[in-house]
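Welcome! Please take a first look at the structure below, and then we will walk through it together, topic by topic.

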Amino acid sequence: MADWVVTLGRSHPVVAAGGARLDIVDLADAGLPLLDEPAPALFGTYRNAHTRRWSHTIASFDGFVVVTPEYNHSIPAALKNAVDYLYAEWAHKPVGFVGYGLTGAVRAVEHLRLVMTEVKAVPLGSQVTLSVFDDLTHADPTDPTSPATMTARGHQAAALAGVLDDVLGMYRALAALRAPRDGASPDLSSCEDPTSQAQEPDHSESGVGDRS
Ligand SMILES: Cc1cc2nc3c(=O)[nH]c(=O)nc-3n(C[C@H](O)[C@H](O)[C@H](O)COP(=O)(O)O)c2cc1C
């Protein structure tokens, strides 16, 4: 699913013009145990190397498209855990959603919006609702756990374009709220016409994203 997002996302006009970069962050690679920091992330004092690595990863993006399944009407525990590890790293960054499940993970995404609000991220209304029945083709059609390829119905690409439009537009609008990483004043030039970003690689740090 994430490969589908990135592959289509790379043809988005802002991305194609060099105004943003898309990368996949796979929670499996982060290797986060159940939250084991002694202090809440609000304090930003991280004891563990895995937390500092995760902090660096998330801090390096200006926005996110979260791809999530639905587990028992909410998000998987691993995703909630990964959010809980950090605080300031999420702040003032737009979040769009691609949900997948038996019914498009709409309830999971609704929960995730609330969670992301608490860490001061900016969850957006746009989302893609993928069906594991209708947007995948399984090797064994009678077994939804068999290997599958992405065969998303036509309207799903348009829905994803809407998510990317919102995230890529909003991250520029929110740039002034995000703490400058170098201690300098926020650079409002990143609020200019997205297509002008191609000439301004300095402002493409992270994003759905642009990544430092
Ligand atoms: C523990 C568990 C709970 C699930 N609960 C729901 C659910 O509430 N609603 C739904 O639409 N699908 C539900 N599903 C189906 C998953 O969304 C679907 O199998 C999805 O492909 C799982 O993604 P994953 O293979 O990346 O974990 C559940 C699956 C699991 C394993």
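Over residues 182–212, however, pLDDT stays under 50. Where pLDDT is low, the predicted coordinates should not be read in detail.

**The overall layout**

- The protein chain contains 7 helices and 5 strands.
- Starting at the N terminus, their order is α-α-α-α-β-α-β-α-β-β-β-α.
- The chain has 212 residues, and 33% of them count as buried.
- If you take contacts between residues at least 6 apart in sequence, 72% of them join residues at least 24 apart.

**Helix H7 and its neighbours**

- Helix H7 covers residues 154–173, which makes 20 residues.
- From first C-alpha to last, H7 reaches 30 Å, close to the 28 Å expected at 1.5 Å a residue.
- Its buried residues are Gln156, Leu160, Val163, Leu164, Val167, Leu168, Met170, Tyr171 and Arg172.

**Helix H1, one face in and one face out**

- Which residues of H1 are buried? They are Trp4, Val5 and Gly9.
- Looking down the axis of H1, you would find these buried residues within an arc of 125 degrees, so they line one face of the helix.
- Asp3 and Thr7 are exposed, on the face of H1 turned away from its buried side.
- The cover over the buried residues of H1 includes H2, S1, S2, strand S5 (148–150) and H7.

**Ala121, a residue in a loop**

- Ala121 sits in the loop between helix H6 (106–118) and S3.
- Why does Ala121 count as buried? There are 24 other C-beta atoms within 10 Å of Ala121, and 20 or more is the cut-off for a buried residue.
- Leaving aside residues up to four places away in sequence, Ala121 touches Trp90, Ala91, Lys93, Val95 and Met116.
- Phe64 is 57 residues away from Ala121 along the chain, yet their C-alpha atoms are separated by 9.7 Å.

**Around the ligand**

- The residues around the ligand are Pro69, Glu70, Tyr71, Asn72, His73, Tyr100, Gly101, Leu102, Thr103 and Val132.
- This shell divides into 5 nonpolar residues, 4 polar ones and 1 charged one.

Definitions and conventions
Residues are numbered from 1 along each chain as its sequence is written. This is a predicted model: local features need pLDDT of at least 70, side-chain atom pairs count only at pLDDT 80 or more; totals for chains, interfaces and linings use all residues. Helices (H or I, at least four residues) and strands (E, at least two) are DSSP runs, numbered from the N terminus. A residue is buried if 20 or more other C-beta atoms lie within 10 Å of its own, exposed if 12 or fewer, and partly exposed in between; C-beta atoms are placed from the backbone. Two residues are in contact if their C-beta atoms, placed from the backbone, lie within 7 Å. A residue is near a molecule or strand if its C-beta atom, placed from the backbone, lies within 6 Å of it. Ala, Val, Leu, Ile, Met, Phe, Trp, Tyr, Cys and Pro count as nonpolar, Asp, Glu, Lys and Arg as charged, and the others, Gly among them, as polar. The expected span of a helix is 1.5 Å times one less than its number of residues. pLDDT is the predictor's confidence in each residue, from 0 to 100. The arc is that of the directions from the helix axis to the C-beta atoms.
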